[in-house]
Amino acid sequence: MPLLGLLPRRAWAALLSQLLRPPCASCTGAVRCQSQVAEAVLTSQLKAHREKPNFIVKTPKGTRDLSPQHMVVREKILDLVISCFKRHGAKGMDTPAFELKETLTEKYGEDSGLMYDLKDQGGELLSLRYDLTVPFARYLAMNKVKKMKRYHVGKVWRRESPSIVQGRYREFCQCDFDIAGQFDPMIPDAECLKIMCEILSGLQLGDFLIKVNDRRIVDGMFAACGVPESKFRAICSSIDKLDKMAWKDVRHEMVAKKGLAPEVADRIGDYVQCHGGVSLVEQMFQDPRLSQNKQALEGLGDLKLLFEYLTLFGIAEKISFDLSLARGLDYYTGVIYEAVLLQTPTQAGEEPLNVGSVAAGGRYDGLVGMFDPKGHKVPCVGLSIGVERIFYIVEQRMKTKGEKVRTTETQVFVATPQKNFLQERLKLITELWDAGIKAEMLYKNNPKLLTQLHYCESTGIPLVVITGEQELKEGIIKIRSVASREEVAIKREDLVAEIQKRLSES
């Protein structure tokens, strides 16, 4: 077994002790099952690794922990996104974190190499999901669903070089909205762009622009420029890098690494510099090359209709027809789009944050058919919000402004200035909890009043309920405002009603 040679001497004792355990139920005689041996080797390796003096406790590369402060900000962002999805009639759903490897392969083009494959654990080759779109298509085909409007929030994994300073990770959250079904052209597509505008405007990230193109226009452009059909997807993947690389570098990749003729690359270069509104769509109808390509004309016709609907939605000024937009994923078949921030809110003199696109999507009419035994297609269009990049922008902005985040929602703190009042505090807090009021108390028999009040100030709890011997005798309770430090006495039986009144007024 090759792994055995990698073990240091000090790990052999641990390994032998593992191997001398009684065989598992499925083993016979002295024959030990392969899984038990593998487990013993892995346990010994990990033990030896932990014994190293330079062992560093850290998260894996490209991942992060989220503190309570981070979670408050993230939940606010997700609440806004999900409420928008629901406003447009979407239903929530979820899929497994991993899929059969065969389900995911040949769906992402050159990016397929970024999938995380799992070790065979029982006869199935598995991979962590790369996005939420392919699992959704698999779900539609498997359950024979022909029409659905859904949203999905979940983690995905990509084995790429992380750039933490730009909000790029190997494990990250995606928020997807998709419309599946046969509908009249461009109506669902326009609604997806409307949703992107609503979310990005609601998050107040600054001015933004949504670039749109059509995969049929991209393929028509390639054909008109002389790109061999066998190289369409490879060249499309290169064009998709124009938001990160200069044209000369992209051109070099296409020519030197992918074997494209230099003159063909130059023709493509003439097109990818074009961007504008519906007037550019009209201009492309007259282009001597594109006007001869049926695919391109179909795409241009749909974009013209799309701009009509976008005008009615009142968002046409936020949309730019951009021939450099390619979207490298293989499953796109029609309209594609990508939102970028034009200006990230920063203090004067600071460099703007470069995080790339913050939302993207498009039409994928053939993906569901790949999973259907009879190849039945379900047209789909959708979008994905880049939560991690948005979260990074919001986080940096809060740091710059010195904003503090309250990590709990506690409304009332139950306190006492005297000893031996734990039972009375427990009765009070139970009454508050049962009334649906968010309340806390210190887990001590005899806490000092100053300690209790300091806790309220440090955590932002607005109200304190105070009880003691005198209050108990008189049948009253004191309510203290943490901000103003004013106290009022009320009847004990009026406690819940008074608290609810104050909270409704705040």
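**A walk through helices and sheets**

In helix α6, the residues I187, D189, A190, E191, L193 and K194 meet L306, Y309, L310 and F313 of helix α12. Sorted by class, the residues of this contact of α6 with α12 are 7 nonpolar, no polar and 3 charged. Before we go on, please keep in mind that this is a predicted model.

How do two such helices sit together? Two packed helices are described by the angle between their axes and the distance between the axes. Helix α6 covers residues 187-202 and helix α12 covers residues 294-313; they pack at an angle of about 45°, with axes 9 Å apart. Because of that angle, α6 counts as oblique to α12. The handedness of the crossing of α6 and α12 is right-handed.

Helix α12 has another neighbour to visit, helix α11 (residues 278-285), whose axis comes within 10 Å of the axis of α12 and crosses it at roughly 155°. An angle over 145 degrees counts as roughly antiparallel, so α11 is roughly antiparallel to α12. Here the crossing is left-handed. On the α11 side you will find V278, V281, E282, M284 and F285, and they meet L297, L300, G301, L303, K304 and F307 of α12. This contact of α11 with α12 is made up of 8 nonpolar, 1 polar and 2 charged residues.

Now return to α6 and look for helix α3. The axes of α3 and α6 come within 10 Å of each other and cross at roughly 150°, which means that α3 is roughly antiparallel to α6. Their crossing is right-handed. From α3 the contact takes L80, V81, C84, F85 and R87, and from α6 it takes I195, E198, I199 and G202. By class, the contact of α3 with α6 holds 6 nonpolar, 1 polar and 2 charged residues.

Helix α3 also leads us to a sheet. Spanning residues 68-87, α3 lies across strands β5, β6 and β12 (380-385), and runs at about 10° to β6. Helix α13 (residues 387-401) packs on the sheet too, where it touches β6, β10 (335-341), β11 (357-363) and β12; its direction makes about 125° with that of β6.

In what order do the strands of this open sheet follow one another? There are 9 of them, in the order β1-β5-β6-β12-β11-β10-β7-β9-β8, and the pairing is mixed. At the edges are β1 (91-92) and β8 (275-276), each pairing on one side only.

Strand β3 is joined to β4 (residues 126-128) by 2 bridges, and the two run antiparallel. Look for L118 there: it stands opposite L126 in β4.

Let us finish with charged side chains. The structure holds 29 salt bridges, and one of them joins the side chains of K318 and D207 at 2.8 Å, N to O. K318 sits in the loop between α12 and β9 (319-322), while D207 sits in the loop between α6 and β7 (208-214), so this pair ties together parts that are 111 residues apart in sequence.

Notes
Residues are numbered from 1 along each chain as its sequence is written. This is a predicted model: local features need pLDDT of at least 70, side-chain atom pairs count only at pLDDT 80 or more; totals for chains, interfaces and linings use all residues. Side-chain values use heavy atoms; hydrogens and water are left out. Axes are lines fitted to C-alpha atoms, for helices over the stretch in contact, and angles run from 0 to 180 degrees between N-to-C directions. Helices (H or I, at least four residues) and strands (E, at least two) are DSSP runs, numbered from the N terminus. Angles under 35 degrees count as roughly parallel, over 145 as roughly antiparallel, 65 to 115 as roughly perpendicular and the rest as oblique. A crossing is left-handed if the near helix is turned anticlockwise from the far one by less than a right angle, and right-handed if clockwise. Contact means heavy atoms within 4.5 Å. Ala, Val, Leu, Ile, Met, Phe, Trp, Tyr, Cys and Pro count as nonpolar, Asp, Glu, Lys and Arg as charged, and the others, Gly among them, as polar. Two strands pair if DSSP finds at least two bridges between them. A salt bridge is a side-chain nitrogen of Lys or Arg within 4 Å of a carboxyl oxygen of Asp or Glu.
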